[in-house]
Amino acid sequence: PKDYFVGFNRAVGPNAQNDEADNEVTIVQVEGGEGHHYAQSYLKAHLLTGESYTIDNFANTGQPLTIKATYINLSTSPGTASIQILYGSDLHECESSDECSDDGIYCNGVEMCDTSASFPGACVSSGDPCQLGSKCSETTQSCTACDEVTLELTTDNYAGETSWDIKNNFGTIIDSGNNYGIGTHTETISNLQEGAYTFTIYDAFGDGICCSYGEGSYKVMSCG
């Protein structure tokens, strides 16, 4: 028998050195073991918000089963992910958006009919309804002013040389990071007050993080 396990691959702490699928919903297939013993496993898919994976002829029933990542929230601690599982006739084909029912999740937008790949199409979510520079709150079902930044840092082969800090307009360090292992790391700095901030990244040896000894990079994002 084939078992499927759905997880959320949050890329923090000991899980920060993933090779792939950082902060994505993962779908792993296991053959044998009945969920209790060692068995061969395969990563079948990793999903961002709005993406889905369909298992044809699920459990030899002749019916498809679709797993959809409806919402991924990295601003909470721990980060969370919501999924929707559709089986057989629940998999909603459509010809127009009028046929798509709301899934009750505010932060993945409205449901619409996507006919770009086939016709009839499939009901999908339109995505984060908030504009760049604001963040979505599922609790209040509204878009609020952004009070956080997210750093995505990929080190070179000498990760221990890399560090960073964020300073406010008075020059005071409000957050920093160092002692990284080789790989990709995600940090979220929350509860920032309105104002100007300076992000600085350092390399102790002075040769940067790309590209003689590994292809390091970084990206700082303010609510998308």
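Me: In this predicted model, a salt bridge is a side-chain nitrogen of Lys or Arg within 4 Å of a carboxyl oxygen of Asp or Glu. What makes D147 and K135 a salt bridge?

Reply: The closest N and O atoms of D147 and K135 are 2.8 Å apart. The cut-off is within 4 Å, so the pair counts as a salt bridge. D147 lies in the loop between β11 (142–145) and β12 (149–154) and K135 in strand β10 (residues 134–137), so parts 12 residues apart in sequence are tied together.

Me: Why is E148 called buried, and why is K135 called partly exposed?

Reply: Buried means under 20% relative accessible area, and partly exposed lies between that and the exposed class, over 50%. E148 has 9%, so E148 is buried. K135 has 23%, so K135 is partly exposed.

Me: What makes the contact of K219 and E152 a salt bridge?

Reply: The N to O distance is 4.0 Å, and the rule asks for within 4 Å. K219 lies in strand β17 (residues 217–221) and E152 in strand β12, so the bridge ties together parts 67 residues apart in sequence. By this rule the count comes to three salt bridges.

Me: Why are β1 and β3 called edge strands?

Reply: The open sheet has the order β1-β2-β3, with antiparallel pairing. β1 (2–8) and β3 (40–47) each have a single partner strand, so one side of each lacks a neighbour in the sheet.

Definitions and conventions: Residues are numbered from 1 along each chain as its sequence is written. This is a predicted model: local features need pLDDT of at least 70, side-chain atom pairs count only at pLDDT 80 or more; totals for chains, interfaces and linings use all residues. Side-chain values use heavy atoms; hydrogens and water are left out. Two strands pair if DSSP finds at least two bridges between them. Helices (H or I, at least four residues) and strands (E, at least two) are DSSP runs, numbered from the N terminus. Buried means under 20% relative accessible area, exposed over 50%, partly exposed in between (1.4 Å probe, protein chains only).
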